Amino acid sequence: MATSIMIAAAAGSTVCSFPNVACSSVVVGGSAQAVPPLRSGASASLGGKGSSLYGTYTPTAFNAVSQKAFFTVTKALTRAELGDSLEEFLTKATTDKKLARLMMSMGEALRTIAFKVRTASCGATACINTFGDEQLAVDMLADKLLFEALKHSHVCKYACSEEEPVLQDMEGEGFCVAFDPLDGSSIVDTNFTVGTIFGVWPGDKLTGITGRDQAASAMGIYGPRTTYVIAINGFPGTHEFLLLDDGKWQHVKETTEIREGKLFSPGNLRATFDNPEYEKLINYYVSEKYTLRYTGGMVPDVNQVRRDT
């Protein structure tokens, strides 16, 4: 992610910008000082020690008569803190207010879905989606809630889902979103964990793009606890939020790497009959004494591998 330095100098309020730098030499009042990078949007004004969202600055000298200042800027790395609210985390993770608003809106929808999963009908409807899967009432309810959240955020242009794969105009501007409203809905009645998964892309299209182009991605996991796991492009790690009794999201876990572990969660084991390479992979996991963790829902399985390796 590009970094830049924005410095408002006392002498004439000169503003200097240096994009994409690791360490710049900034000239203020005729002298150069080595300055480490700040995130885009960070700013410093002279005349005393202060701070911005992404760092602190300390003048090393200030001449009130000549209004020449010589100072260095020291950047305090912004990092998420356990215990942060979702809003506090997003303020640190991105300077894009539209993206933060979208992720907050989706968090509101996930909170409502968590309640509905516990209480809504799981009976089959007469509907069949375009993939040939029978839709359940709880599927369509989650689908409706997520589309409504995106439309009311005013920052989403198009969205589509597993239940509604044709692009829907959300009438906003900034991002496009694709989601599975309730992965594993067929196992809700057995009281297994299920979840929502979505990706966020900048711009106004959902074709000709890849996962690497995402601005953010997230999962909502509905089980004994309700959690919201977020990844923001340009901000390290995945970040897990727990839904508290008061309806607020609290940051409870940060994952910065997935190590080699001993868990495996295979999908569609029937494919081993048609795909020898897949069969070989499964046999390898079994022979090497990997532990099988499989619920029938991709979101909870991915979440366990992410969390426990």
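At the start of helix H2, a side-chain oxygen of Asp96 comes to within 3.0 Å of the backbone nitrogen of Lys98. This is a polar contact, a pair of N or O atoms within 3.5 Å in which, within protein, one must be able to donate a hydrogen and the other to accept it, and residues adjacent in sequence count only if both atoms are side-chain atoms. The model is predicted: local features need pLDDT of at least 70 and side-chain atom pairs count only at pLDDT 80 or more, while totals for chains, interfaces and linings use all residues. Residues are numbered from 1 along each chain as its sequence is written, and side-chain values use heavy atoms, without hydrogens and water.

Helices (H or I, at least four residues) and strands (E, at least two) are DSSP runs numbered from the N terminus. The table gives the span of two helices from first to last C-alpha; the expected value is 1.5 Å times one less than the number of residues.

| Helix | Residues | Span | Expected span |
|---|---|---|---|
| H2 | 97–119 (23 residues) | 34 Å | 33 Å |
| H3 | 137–153 (17 residues) | 25 Å | 24 Å |

Just after H3, His154 has a positive phi of about 65°.

Strands E16 (residues 226–232) and E17 (residues 238–243) pair in the antiparallel sense over four bridges, and Tyr228 stands opposite Phe241 in E17.

The structure holds eight aromatic pairs, in which ring centres of Phe, Tyr or Trp (its six-membered ring) lie within 6.5 Å; planes under 30 degrees apart count as stacked, over 60 as edge-to-face and the rest as tilted. The rings of Phe89 and Phe241 have centres 5.2 Å apart and planes at 65°, so this pair is edge-to-face. Phe89 belongs to helix H1 and Phe241 to strand E17, so the pair ties together parts 152 residues apart in sequence. Both Phe89 and Phe241 are buried. Phe264 and Tyr285 form a tilted pair, 5.0 Å centre to centre with 35° between the planes.

Definitions and conventions
Pairing = 2+ DSSP bridges. Buried < 20%, exposed > 50% of the residue type's maximum accessible area, 1.4 Å probe, protein only.
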